[in-house]
Amino acid sequence: MKITFLGSSHGIPSAERFCSCAMLEINEKLYFIDAGAPLIDLLLRNGKHPEDIKAVFCTHHHGDHTDGLLNLTDLCNWAFKNTSFDMFVTKGEQGEVIKACVAVSSMPVDTERLRFRTAAPGAVYEDENVRVTYFPTKHCEPYPSYAILVEAGDKRALFTGDLSQRLAKGDFPVYPMENETDIVVCEMAHFCREHVEPYVKALKTQNLVFNHVNTPRGMDKFADIGDMAINGGYPFSIIAVNDGDTVEL
Ligand SMILES: [Zn+2]
Ligand SMILES: [Zn+2]
């Protein structure tokens with residue numbers, strides 16, 4: 001499994017960062033966690049082919065995780081007619097709205113090929129390469145949000161998605177604390193080191209990656225992550241990723 005962070009920013013893009021989008025290459029097929037970046041543009045810029053897309057999994061409905069779905073659907077509808085894949089959204093009407101927008105700007109969406117699915121807790125997707133499981137979190141109650149587990153062969157990647165402010169709702173996913181994972185990709189916009197470190201201490205993982213890191217005034221979360229990596233005494237690597245960074249498992 002090769003993970004390329006196409007977008008690593010939090011809710012607002014910056015000069016160097018698009019919003020959240022991770023591309024997973026597994027047996028030469030493409031899977032995505034979140035679509036907050038211009039997914040189809042970056043896929044093409046990375047020399048990949050849309051026909052290799054198998055599925056897109058959104059953690060929740062906020063635009064910094066879903067806005068790339070519109071252009072992806074539009075282009076795959078009229079230009080890349082041999083594409084066929086699933087897009088998991090967490091509010092069913094989001095797929096309907098995107099299809100309506102594409103119909104206005106171009107033509108009705110071929111829903112046989114471009115399939116919007118509404119995510120639910122539990123295993124939502126399985127094919128010859130991966131099994132994908134959604135775990136509920138409490139980021140945007142009363143609307144659903146999820147952490148996502150991707151299992152591919154003997155590799156396991158856990159994406160926390162966005163979590164509650166200051167982790168006050170205790171919604172850090174329990175899976176990577178109870179099970180071995182190869183990588184945990186954790187957001188760092190809604191809380192600080194002091195809030196997340198109790199959970200970090202309990203992780204059973206090989207790699208901890210922070211994305212979706214914001215930079216509130218008077219606080220340097222990138223420095224905090226660097227200090228955790230160097231001085232934290234953790235038995236796994238800790239990094240913050242930038243756009244274009246890759247991790248191979
Ligand atoms: Zn977000
Ligand atoms: Zn959000």
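**The surroundings of Val150 in this predicted model.** With neighbours within four places in sequence left aside, Val150 is in contact (heavy atoms within 4.5 Å) with Met1, Leu24, Ile26, Ile33, Val130, Arg131, Val132, Lys155, Arg156, Ala157 and Phe159. A few conventions before the next view: the model is predicted, so local features need pLDDT of at least 70 and side-chain atom pairs pLDDT 80 or more, while totals for chains, interfaces and linings use all residues. Residues are numbered from 1 along each chain as its sequence is written, chains are lettered from A and ligands numbered from 1 in the order in which they are written, and side-chain values use heavy atoms, with hydrogens and water left out.

**The largest nonpolar core.** A nonpolar core is a set of buried Ala, Val, Leu, Ile, Met, Phe, Trp, Tyr and Cys residues joined through side-chain atoms within 4.5 Å; buried means under 20% relative accessible area, exposed over 50%, and partly exposed in between, for a 1.4 Å probe and protein chains only. The largest core here counts 27 residues, and Leu24, Phe57, Val150 and Phe159 have the most contacts inside it. Two or more residues each come from β1 (2-7), β2 (21-26), β3 (29-33), β4 (53-57), β8 (131-137), β9 (145-152), β10 (155-159) and β11 (183-188). These elements are DSSP runs numbered from the N terminus: helices are H or I with at least four residues, strands E with at least two. β9 gives the largest share, 4 residues. Apart from this core lies another, of 26 residues, with Cys58, Phe85, Val102 and Phe116 among them.

**The site of the zinc ion (ligand 1).** Here the protein donors are Asp64 (OD), His65 (NE2), Asp162 (OD) and His212 (NE2), at 2.1 to 2.2 Å from the ion. Donors are N, O and S atoms within 2.8 Å of the metal (3.2 Å for Na, K and Ca), and with water not among the atoms, sites may look incomplete. Along the chain, the donor residues follow the spacing D-H-x96-D-x49-H. Angles among the 4 donor atoms run from 88 to 168°, and the site is irregular. Four donors count as tetrahedral if all angles lie between 85 and 135 degrees; four count as square planar and six as octahedral if opposite donors are over 155 degrees apart and all others between 65 and 115; anything else is irregular.

**Asp162 between the two zinc ions.** Asp162 bridges the zinc ion (ligand 1) and the zinc ion (ligand 2), which are 3.5 Å apart. Distant parts of the chain are linked by the pair His65, in helix α2 (residues 63-66), and Asp162, in the loop between β10 and α5 (175-178), which are 97 residues apart. His65 is buried, at 1% relative accessible area, and Asp162 is buried too, at 2%.

**The site of the zinc ion (ligand 2).** His60 (NE2), His62 (ND1), His139 (NE2) and Asp162 (OD) are the protein donors, 2.2 to 2.8 Å from the ion. Their spacing in sequence reads H-x1-H-x76-H-x22-D. The arrangement is irregular because the 4 donor atoms subtend angles of 88 to 175°. His139 sits in the loop between β8 and β9 and Asp162 in the loop between β10 and α5, so this pair ties together parts 23 residues apart in sequence. Both His139 and Asp162 are buried.

β7 and β8 run antiparallel and are joined by 4 bridges, and Tyr125 has Val132 in β8 as its bridge partner.

**β1 and its partners.** In β1, 5 of the 6 residues are buried. β1 pairs antiparallel with β14 (residues 246-248) over 3 bridges, and 5 bridges join β1 to β2, again antiparallel. Lys2 stands opposite Glu248 in β14 and opposite Glu25 in β2.

**Arg113 in its loop.** Arg113 lies between α4 (92-105) and β6 (114-118) and counts as buried, at 12% relative accessibility. Not counting residues up to four places away in sequence, Arg113 touches Cys76, Asn77, Phe80, Lys81, Thr83, Ser84 and Phe85.

Key. Pairing = 2+ DSSP bridges.
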